[in-house]
Amino acid sequence: MRSRGWYWPVGLAALLVGSAGANIALVFVTSRDASFAVEPDYYAKALAWDETMAQQARNEALGWSLGLRVEPTGERGRMTVAVRLIDRAGAPLPGARIAIETLHNARASRVLAAVLEARGLDYAAAMPLARPGLWEFRVRVTRGPDVFTATLMRDVPEAR
């Protein structure tokens, strides 16, 4: 009769061990799968919300806009990302430094970065965008003391 009293503590310990094991398995799976992602420095970005809003106001004051195209390069698995930067009057803006970060929505833990080179009126770089689908492009333009930022979403075709 005395042995019956030990079932509930053993059952409780088994539940705790099972819960800890499930959490460890979850951490293992999420840290190895590219479709699971956490925004880098998300807490610092959240704290800098006022700075983000101030940058958005500076973007509007500058009156710049950009058009982003993604085109095949002819190399398998690579695409050319091209940006045309224009001012409020629609005139191209030469002499800028354009840095870009991009990620595929389904593989958000793999972030690609490039600095675009001036090519005529555009700025461009070849990037390994082998996966078709929806991509997010985070663009940072620096021209003299002015900084312009934009985040654009584009549906990228299959690179052939």
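Tutor: Two strands count as paired if DSSP finds at least two bridges between them. Keep that in mind as we look at this predicted model.

Student: What makes β3 and β4 a pair?

Tutor: Strand β3 (residues 97–104) and strand β4 (residues 107–119) share seven bridges in the antiparallel sense, and the cut-off is at least two, so they pair. Along this pairing, L103 stands opposite V111 in β4.

Student: Where do these strands sit in the sheet?

Tutor: The order is β1-β2-β5-β4-β3-β6-β7, seven strands in an open antiparallel sheet.

Student: Why are β1 and β7 called edge strands?

Tutor: Strands β1 (65–72) and β7 (146–156) each pair on one side only.

Student: How many aromatic pairs are there, and why is the pair of W64 and F148 called tilted?

Tutor: There is one. The ring centres of W64 and F148 are 6.1 Å apart, and the limit for pairing is within 6.5 Å. Their planes meet at 45 degrees; under 30 would be stacked and over 60 edge-to-face, so this pair is tilted. W64 lies in the loop between α3 (49–62) and β1, whereas F148 is in strand β7, 84 residues apart.

Student: How do you know whether W64 and F148 are buried or exposed?

Tutor: Buried means under 20% relative accessible area. W64 has 9% and F148 has 7%, so both are buried.

Student: And what makes L16 exposed?

Tutor: The cut-off for exposed is over 50%; L16 reaches 58%, so it counts as exposed.

Definitions and conventions: Residues are numbered from 1 along each chain as its sequence is written. This is a predicted model: local features need pLDDT of at least 70, side-chain atom pairs count only at pLDDT 80 or more; totals for chains, interfaces and linings use all residues. Side-chain values use heavy atoms; hydrogens and water are left out. Helices (H or I, at least four residues) and strands (E, at least two) are DSSP runs, numbered from the N terminus. Buried means under 20% relative accessible area, exposed over 50%, partly exposed in between (1.4 Å probe, protein chains only). Rings of Phe, Tyr and Trp (its six-membered ring) pair if their centres lie within 6.5 Å; planes under 30 degrees apart count as stacked, over 60 as edge-to-face and the rest as tilted.
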